[in-house]
Amino acid sequence: MASSFNNLPKLGKASVQIVRAEIGLFNARRCHHTCRVLTVKTPELLTKPDDVQITQCRTFFNPFEKAAELSPFKSNRRKEYSERRILGYTMDEMYQVVADVNEYKHFVPWCLSSNVVSQKPGHAKAKLEVGFEPLVERYTSTLTLAQPHLVKAVCTDGKLFNHLITVWRFSPGLPDNPRTCTLDFWISFEFRSALHSKLAYMFFDEVVKKMVKAFEKRAAVVYGETTIRVQEGG
């Protein structure tokens, strides 16, 4: 190729540079089919022919990066769950079961200890331990109480959770059965650890359903058999 340029004595330096640039662009277009990404910087050739620059690079598919993009733990460790169901107990009966935090250690799954440390109308504080060795969380739960409609618990000073909130709302149930109520349950939590978040994502729904069921079973122990025999999805 160099000898070809030497055979052009009548061309000036700028003209030779233009020819070289045009040949380079031609070769770049031929390379386009073999390169995944092609960037060609082409300033105005007639004014600055020395600035012609051709950059070639390949990109490759990385399955690990794609998996990270699709991961539910990429940017948010928070997990929430809610459900509504009709229970065969009155609003007040279910309220009493949920508000009696001192008894949690006897029937709530994975609750190792529960003690109310202060109480006043509409509010209470309790110390709880939940989990299983060696993964045990000790925290204070601040409760908001509105009998017989609401029990809300917010975790404070916990080391395992960034936040933990549970809300129990009770409203009238079946019109033809006064000993029923409608439960609206909601829980939201976020682990500090990404590993714990991944484990919770896999098992969370089943764990929460088991916990809600434990309160219904506790109502049966305290108040007798439910008035609803069969409930779809219960």
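Student: Which residue is the bridge partner of I165 in β9?

Tutor: First, a caution: this is a predicted model, where local features need pLDDT of at least 70, side-chain atom pairs count only at pLDDT 80 or more, and totals for chains, interfaces and linings use all residues. Residues are numbered from 1 along each chain as its sequence is written, and side-chain values use heavy atoms, leaving out hydrogens and water. Strands here are DSSP runs of E with at least two residues, helices are runs of H or I with at least four, and both are numbered from the N terminus; two strands pair if DSSP finds at least two bridges between them. Strand β8 (residues 161–172) and strand β9 (residues 181–191) run antiparallel, joined by 11 bridges, and I165 has as its partner in β9 S188.

Student: OK, and in what order do the 7 strands of the open sheet come?

Tutor: The pairing is antiparallel. At the edges, each pairing on one side only, are β3 (78–87) and β4 (111–120). Reading across, the order is β3-β9-β8-β7-β6-β5-β4.

Student: How many degrees does the direction of helix α4 make with that of β8?

Tutor: Axes are lines fitted to C-alpha atoms, for helices over the stretch in contact, and angles run from 0 to 180 degrees between N-to-C directions. Contact means heavy atoms within 4.5 Å. Helix α4 (residues 91–99) packs on the sheet and touches β3, β6 (135–146), β7 (150–156), β8 and β9. Its direction and that of β8 make an angle of about 160 degrees.

Student: Is H163 buried or exposed?

Tutor: H163 is found in strand β8, and it touches R78, S188, F189 and E190, not counting residues up to four places away in sequence. The scale goes like this: buried is under 20% relative accessible area, exposed is over 50%, and partly exposed is in between (1.4 Å probe, protein chains only). Because its relative accessible area is 14%, H163 counts as buried.

Student: How far apart in space are H163 and F191, C-alpha to C-alpha?

Tutor: In sequence the two are 28 residues apart. In space, C-alpha to C-alpha, H163 and F191 are apart by 7.4 Å.

Student: Which residues make the nonpolar surface patch of about 340 Å²?

Tutor: Patch members have over 30% relative accessible area and no salt bridge; like charges are joined within 9 Å, and nonpolar side chains (Val, Leu, Ile, Met, Phe, Trp, Tyr) within 5 Å. A salt bridge is a side-chain nitrogen of Lys or Arg within 4 Å of a carboxyl oxygen of Asp or Glu, and accessible areas come from the Shrake-Rupley method with a 1.4 Å probe, only the protein chains shown counting as cover for residues. L135, in strand β6, is partly exposed because its relative accessible area is 31%. The patch is made by W110, F132, L135 and V207.

Student: And in β7, what is the bridge partner of T142?

Tutor: β6 and β7 form a hairpin with 3 residues between them. The two run antiparallel, with 7 bridges joining them. T142 has as its bridge partner in β7 V154.

Student: Last one: which residue takes a positive phi in the hairpin of β4 and β5?

Tutor: β4 and β5 pair in the antiparallel sense over 8 bridges, and K120 has H123 as its bridge partner in β5. The hairpin has 2 residues between the strands. The residue with a positive phi, near 85 degrees, is G122.
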